[in-house]
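I opened a new page for this structure and kept the entries in the order I looked things up. Each entry starts from something I wanted to know.

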Amino acid sequence: MVVGYARVSTVEQNLDRQLEAFQSLGADEREIITDKESGKDLERTGYQALKVNILRPGDTLVIKSLVSPKKIEGIQRLLKQGKVTQAI
């Protein structure tokens, strides 16, 4: 399954551009997890649900924008744990 993860820092910001990109890659709307929270760490509600309850071995995680090294390390941990096969 292709799972998308989209995030913006505030509720005033818009997720549309990220959502359109995921859908163009074949992700169904219900397979896109979103957060509208600060990006200071990975303790965001949607990300935690993705990590704990949604991702399964063999899934592909698609993230449109990932900036900080700390967040990249979090995604690398998911790969090492076998939660996803690849992250794009």
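Entry 1. Is glutamate 37 buried, partly exposed or exposed? I noted first that the model is predicted. Glutamate 37 has a relative accessible area of 28%. Buried means under 20% and exposed means over 50%, so glutamate 37 counts as partly exposed.

Entry 2. I then looked up where glutamate 37 sits. It lies in the loop between β2 and α2, the latter covering residues 45–54. Leaving out residues up to four places away in sequence, I listed its contacts as Arg7, Val8, Ser9, Arg44 and Thr45. For serine 9 I also took the C-alpha to C-alpha distance, which is 4.8 Å, although 28 residues separate serine 9 from glutamate 37 in sequence.

Entry 3. I went on to the whole chain. I counted three helices and four strands, and along the sequence they follow the pattern β-α-β-α-β-α-β. The chain has 88 residues, and 36% of them are buried. I took the contacts between residues at least 6 apart in sequence and found that 65% of them join residues at least 24 apart.

Entry 4. Which strands pair with β1? Strand β3, residues 60–63, pairs with β1 in the parallel sense over four bridges. In that pairing I found tyrosine 5 opposite isoleucine 63 of β3. Strand β2 also pairs with β1 in the parallel sense, over five bridges. There, valine 8 stands opposite lysine 36 of β2. I recorded β1, α1 and β2 as a right-handed β-α-β unit. Strand β1 itself runs over residues 2–8 and is mostly covered, with five of its seven residues buried.

Entry 5. How many salt bridges does a search of the whole structure find? The search finds two. One of the salt bridges joins aspartate 35 and arginine 44, with the closest N and O atoms 3.9 Å apart. I checked the cover on both partners. Aspartate 35 has a relative accessible area of 2% and is buried; arginine 44, at 3%, is buried as well.

Entry 6. A salt bridge also joins the side chains of arginine 30 and aspartate 28, again written down as 3.9 Å from N to O. Here I found arginine 30 exposed, with a relative accessible area of 70%. Aspartate 28 is partly exposed at 33% relative accessibility.

Entry 7. I kept glutamate 31 for the end. Where is glutamate 31 placed? It is in the loop between α1, residues 16–24, and β2, residues 32–36. Its contacts, not counting residues up to four places away in sequence, are Met1, Val2, Val3 and Gly4.

Entry 8. Why does glutamate 31 have no salt bridge? I noted that side chains of opposite charge can pair when their charged atoms come close. The nearest side chain of opposite charge to glutamate 31 is arginine 30, at 5.0 Å. A salt bridge needs the nitrogen within 4 Å of the carboxyl oxygen, so glutamate 31 is left without one, and it is buried.

Conventions: Residues are numbered from 1 along each chain as its sequence is written. This is a predicted model: local features need pLDDT of at least 70, side-chain atom pairs count only at pLDDT 80 or more; totals for chains, interfaces and linings use all residues. Side-chain values use heavy atoms; hydrogens and water are left out. Helices (H or I, at least four residues) and strands (E, at least two) are DSSP runs, numbered from the N terminus. Buried means under 20% relative accessible area, exposed over 50%, partly exposed in between (1.4 Å probe, protein chains only). Lys and Arg count as positive and Asp and Glu as negative; His and the chain ends are not counted. Contact means heavy atoms within 4.5 Å. Two strands pair if DSSP finds at least two bridges between them. A crossover is right-handed if, with the strands pointing away from the viewer, the path from the first strand over the helix to the second runs clockwise.
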